[in-house]
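Please read the following briefing alongside the sequence and the coordinates.

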Amino acid sequence: VQVVESGGGLVQTGGSLRLSCVASGDILTNDAMSWYRQAPGKQRELVARIFSGSIGDYADSVKGRFTISGDIGKNTAFLQMSNLKPADTGVYSCSALIGTLDTYISERWGQGTQVTVSS
């Protein structure tokens, strides 16, 4: 199973970016896909999560600015980020709660994509 993110980059304060995540391989079940971020010197934090049925959940710091979407059945998730702030800078990683024919459900991670918001 592979999880691959794309779409990071450098943007000015107030700008927008859209991140994409795709999970592939011998996937039997996918219960949720999530976006995390880790700023320099800080712990990784959950940004947004989408469950089956497209129900989303957000960190308070991004509510109203970020929107998670996707299709769990197709193992894809997107994070539309608007009105970006320097505090949003960090490495954004995608994870998926995946089970296969050979493994129980576990969280699989991508390599991460850098988002930098300049002031």
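What follows covers the overall chain, a sheet, the disulfide and the aromatic contacts.

This is a predicted model, in which local features need pLDDT of at least 70 and side-chain atom pairs count only at pLDDT 80 or more, while totals for chains, interfaces and linings use all residues. Residues are numbered from 1 along each chain as its sequence is written, and side-chain values use heavy atoms, with hydrogens and water left out. The chain has 0 helices and 11 strands, where helices (H or I, at least four residues) and strands (E, at least two) are DSSP runs numbered from the N terminus.

**Overall chain**

- The radius of gyration, taken over C-alpha atoms, is 14 Å, which agrees with the value near 14 Å that a compact globule of 119 residues would have; the globule rule is 2.2 Å times the number of residues to the power 0.38.
- Along its principal axes, the C-alpha trace of the chain spans about 45 × 25 × 20 Å.
- Buried residues make up 40% of the 119 residues in the chain, where buried means under 20% relative accessible area, exposed means over 50% and partly exposed lies in between (1.4 Å probe, protein chains only).

**The four-stranded sheet**

- An open sheet is formed by 4 strands in the order β1-β3-β8-β7, with antiparallel pairing; two strands pair if DSSP finds at least two bridges between them.
- The edge strands of this sheet are β1 (2-6) and β7 (66-71), each of which pairs on one side only.
- The twist averages 15° from one strand to the next, with axes as lines fitted to C-alpha atoms (for helices over the stretch in contact) and angles running from 0 to 180 degrees between N-to-C directions.
- β1 pairs with strand β3 (residues 17-24) in the antiparallel sense over 5 bridges, and E5 stands opposite C21 in β3.
- β3 and β8 run antiparallel and are joined by 6 bridges, with M81 in β8 as the bridge partner of L17.
- β7 and strand β8 (residues 76-81) likewise pair in the antiparallel sense, over 6 bridges, and the bridge partner of D71 is T76 in β8.

**The disulfide**

- The structure holds 1 disulfide, a term that denotes a pair of cysteine sulfur atoms within 2.5 Å; C21 and C94 form this link, with their sulfur atoms 2.0 Å apart.
- The link of C21 and C94 is left-handed, with -80° about the S-S bond.
- Because C21 lies in strand β3 and C94 in strand β9 (residues 90-99), the pair ties together parts that are 73 residues apart in sequence.
- C21 is buried, with a relative accessible area of 0%, and C94 also counts as buried, at 0% relative accessibility.

**Aromatic rings and charges**

- The structure holds 1 aromatic pair, counted where rings of Phe, Tyr and Trp (its six-membered ring) have centres within 6.5 Å, with planes under 30 degrees apart called stacked, over 60 edge-to-face and the rest tilted.
- Y36 and W109 form this tilted pair, at 4.9 Å centre to centre and with 50° between the planes.
- Y36 lies in strand β4 (residues 29-38) and W109 in strand β10 (residues 106-109), so the pair ties together parts that are 73 residues apart in sequence.
- Y36 is buried, with a relative accessible area of 13%, whereas W109 counts as partly exposed at 31% relative accessibility.
- The charged end of R44 sits over the ring of Y36, 5.6 Å from its centre, a contact that requires NZ of Lys or CZ of Arg within 6 Å of the ring centre and within 35 degrees of the ring normal.
- R18 lies over the face of F78, at 4.2 Å from the ring centre.
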